[in-house]
Amino acid sequence: MHSTSAFTSSVRVGDAREVLESVAADGMEGKVRLIYADPPFNTGDTRIGPYADRRTVDDWQDLLTGVISKCHALLRTDGSLWLHINDRQIALARSVCDDVFGQHNYCGTIAWERTRNPSFLHRQLASTLDYILVYGRSIEALQPFTSTVTETNKRIPMAHRGNRNADLTFPPGSVRFNCNDGRYEAGDHSTAGIDAWLLDSVDVVESRNLTEFRFRLPSRYSPLRFKQLLEDGADFVIPKVPFRPSYINPGGTPKLVRSLWTWQTDPTIPTNEDAYREQQEQFEKPFRYAKPTALLRRIIEITTEPGDLVLDPFAGSGTTAVAAIQTGRRYLVIEEQEPLVNSYIHPRIRRAIAETVNSA
Ligand SMILES: C[S@@+](CC[C@H](N)C(=O)[O-])C[C@H]1O[C@@H](n2cnc3c(N)ncnc32)[C@H](O)[C@@H]1O
């Protein structure tokens, strides 16, 4: 691994602090677009899983500081860190990240509803949230995080009950009429709750107004905003008599990603139950701490472009590598437990590559 252009994806075994140091020495500083880090949460659990998740507070903080500061050096100026953490460790994790990245580069925190079934072990509060802290290497160089686009050609009624009346002037050709061609005389177009007046007679030819006309209604848009819409070439529609003009919003613009991710309002948001199901499909003994691949795909698609390099210093069962393969990104994942690398990461990567090749 000598130059980024030559860098192909890789899985490294070892303590992330040491591996990251050697990776930096190999010329990888400033080359990584996204870091997703999902450290052990220091739950105190010593009974289950492949590793004992119990450290002193100082040890845990040292681990996080060591890994996060070494990660920071590898990020591109337009790169970001997404640190997955639970509610108990969030305060410490924020203070570590603020120290390493600077508070100025903090973008926000995603609240992810990790489960559909809160544990019966909770005594006071059924805690269902994990958090993902987001930092930019340099917030000025970071693109806004966008995902879906706004609805296209949405019809927005111009009359809004209770608003102040405005006399809007529609220039010739600016309105599409879905009613018959012909002359519509000036007059009252009010209905219950909405006062509306056609102030000038209008001739409609081939479904467009041949002449300019004024229409009075309790307008959603101020006369200034309406003028701006006209200047931008906005399209309006009147479906029938009584006239109720609507503005056709072209939409299709990217929307900023919101910080609440929950299956309750968006069924495409996965939960840990999905992650467990994925593991069960492939392994007799599922890795219990895996995150859902769809969660990683979502983060990768928000933050990177195809071909970019994604780093995960706490790889676990290799979910980040799988999501990177599925989305056409390169990956560098690090895991200190060799049995996890052999039993989960490599088999999952082989399967993801095979599925990608088959679907091509
Ligand atoms: C919560 S799990 C990550 C799960 C992963 N996101 C997934 O979807 O499978 C945390 C992982 O970090 C690993 N780990 C802990 N300390 C580490 C270190 N110093 N260097 C590298 N990996 C470490 C643990 O062995 C464990 O597999």
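This is a predicted model: local features need pLDDT of at least 70, side-chain atom pairs count only at pLDDT 80 or more; totals for chains, interfaces and linings use all residues.
## Strand pairing around E5

Strand E3 (residues 75–86) and E5 run antiparallel, joined by 7 bridges.

Strand E5 itself spans residues 129–136 and is mostly covered, with 7 of its 8 residues buried.

## Nonpolar cores

The largest nonpolar core holds 60 residues. Those with the most contacts inside this core are Ile35, Cys71, Trp82, Leu83, Leu133 and Ala321. Helix H2 (residues 57–74) gives the most to the core: 6 residues.

Which residues does Leu133 touch, leaving out those up to four places away in sequence? They are Leu83, Ile85, Ala93, Arg94, Cys97 and Thr109.

A second core is separate and has 17 residues. Among them are Met158, Val202, Val204 and Phe236. In soluble globular proteins, nonpolar side chains tend to be buried together.

## Overall fold

The chain has 8 helices and 21 strands. Of its 360 residues, 33% count as buried. Among contacts with a separation of 6 or more, 72% come from residues 24 or more positions apart.

The radius of gyration of the chain is 28 Å, while a compact globule of 360 residues would have one near 21 Å. Along the principal axes, the C-alpha atoms fill a box of roughly 80 × 50 × 45 Å.

Definitions and conventions. Residues are numbered from 1 along each chain as its sequence is written. Helices (H or I, at least four residues) and strands (E, at least two) are DSSP runs, numbered from the N terminus. The radius of gyration is taken over C-alpha atoms; the globule rule is 2.2 Å times the number of residues to the power 0.38. A residue is buried if 20 or more other C-beta atoms lie within 10 Å of its own, exposed if 12 or fewer, and partly exposed in between; C-beta atoms are placed from the backbone. Two residues are in contact if their C-beta atoms, placed from the backbone, lie within 7 Å. A nonpolar core is a set of buried Ala, Val, Leu, Ile, Met, Phe, Trp, Tyr and Cys residues joined through C-beta atoms within 7 Å. Two strands pair if DSSP finds at least two bridges between them.
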